[in-house]
Amino acid sequence: MVWPEGYDRIILDEVDSTMAEAARIAPDLKRPTWILAKTQTTARGRQGREWKHPEGNLAATLLMRPGGPVAEAAFRSFFAANALFETLALYVDRTHLGLKWPNDVLLTGGKVAGILLESTGSAQGVDWLAVGVGVNLKSVPEGVRDAAFPPVALAEIGELVDPETFLNSLAANFATQEAIFAELGFARIRDEWLARAARLGEVITARTSREEITGTFESIDAHGNLILRTPKGAQAIPAADVYFS
């Protein structure tokens, strides 16, 4: 797939993490730039959790200046999820894939990819945004224990693809999501995400920092919040870890 126009790319043999590298180069950013690392030494996931990166898997970060309010910049997690789904579907039957709110991609019920967003700015807008993406292309990290969503590798079920080839398609699909957003707004991105969502219409559990909420996964709203239908009515949840029953 052709590399998208208007995007740069940096390929590194080794780095502490692509997110850390994004923060370092952000002051001099001229255009949206993808950073790919063949090896990461101190990668991390959401809430500071360790993210292991065996050789042959994808570790990449898109650094950009999206402009607009912070809430709008956060929509890029859904852009990335949609782009990851379509890219993975090039190498495995798409019926085996699903999107788990807020930012994971599942393959036959296991976690194959994760997304992490970091940004700087103020209430008035975002200075820069980093969209980190990790994908188990070749193998599953050792020592990872997640009984609810055990890690799974693409090559176990679909085709083996090298990180640079995968990134070419991912970058193109992400650029398409940006174009859709610019033309049609978040509603179209949201519809695409919901069409790929795992367990939509089923009972799931959202665990926040304060409580655990169980209800029917009804939708995501115009702000990207998870909507669960509970005995108390519909509840909008802005941030949580999700578990399936």
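Mentor: Happy to! Let's start with aspartate 221, in the loop between strand S9 (212-220) and strand S10 (226-230). Keep in mind that the model is predicted. Aspartate 221 is buried, yet has no salt bridge. The nearest side chain of opposite charge belongs to arginine 190, 6.5 Å away, and a salt bridge needs the nitrogen and oxygen to be within 4 Å.

What does the side chain of aspartate 221 have beside it, then? One of its polar atoms lies 2.8 Å from the backbone nitrogen of histidine 223, and the backbone nitrogen of asparagine 225 is 2.9 Å from a polar atom of that side chain. Beyond its neighbours within four places in sequence, aspartate 221 is in contact with Phe186, Arg190, Ile227 and Ala236.

Glutamate 218 and arginine 229 meet in a salt bridge, 3.0 Å from N to O. This pair links strand S9 to strand S10, across 11 residues of sequence. Glutamate 218 counts as partly exposed, at 39% relative accessibility, and arginine 229 is partly exposed at 40%.

The structure holds 15 salt bridges. Another joins glutamate 86 to arginine 196, at 2.7 Å from N to O. Glutamate 86 lies in helix H3 (residues 76-88) and arginine 196 in the loop between helix H6 (186-195) and strand S8 (203-207), so the pair ties together parts that are 110 residues apart in sequence. Arginine 196 is buried, with a relative accessible area of 13%, whereas glutamate 86 is partly exposed at 22%. Both belong to a network of salt bridges that also links Arg94, Arg188 and Glu192.

Methods
Residues are numbered from 1 along each chain as its sequence is written. This is a predicted model: local features need pLDDT of at least 70, side-chain atom pairs count only at pLDDT 80 or more; totals for chains, interfaces and linings use all residues. Side-chain values use heavy atoms; hydrogens and water are left out. Helices (H or I, at least four residues) and strands (E, at least two) are DSSP runs, numbered from the N terminus. Buried means under 20% relative accessible area, exposed over 50%, partly exposed in between (1.4 Å probe, protein chains only). Lys and Arg count as positive and Asp and Glu as negative; His and the chain ends are not counted. A polar contact is a pair of N or O atoms within 3.5 Å; within protein, one must be able to donate a hydrogen and the other to accept it, and residues adjacent in sequence count only if both atoms are side-chain atoms. Contact means heavy atoms within 4.5 Å.
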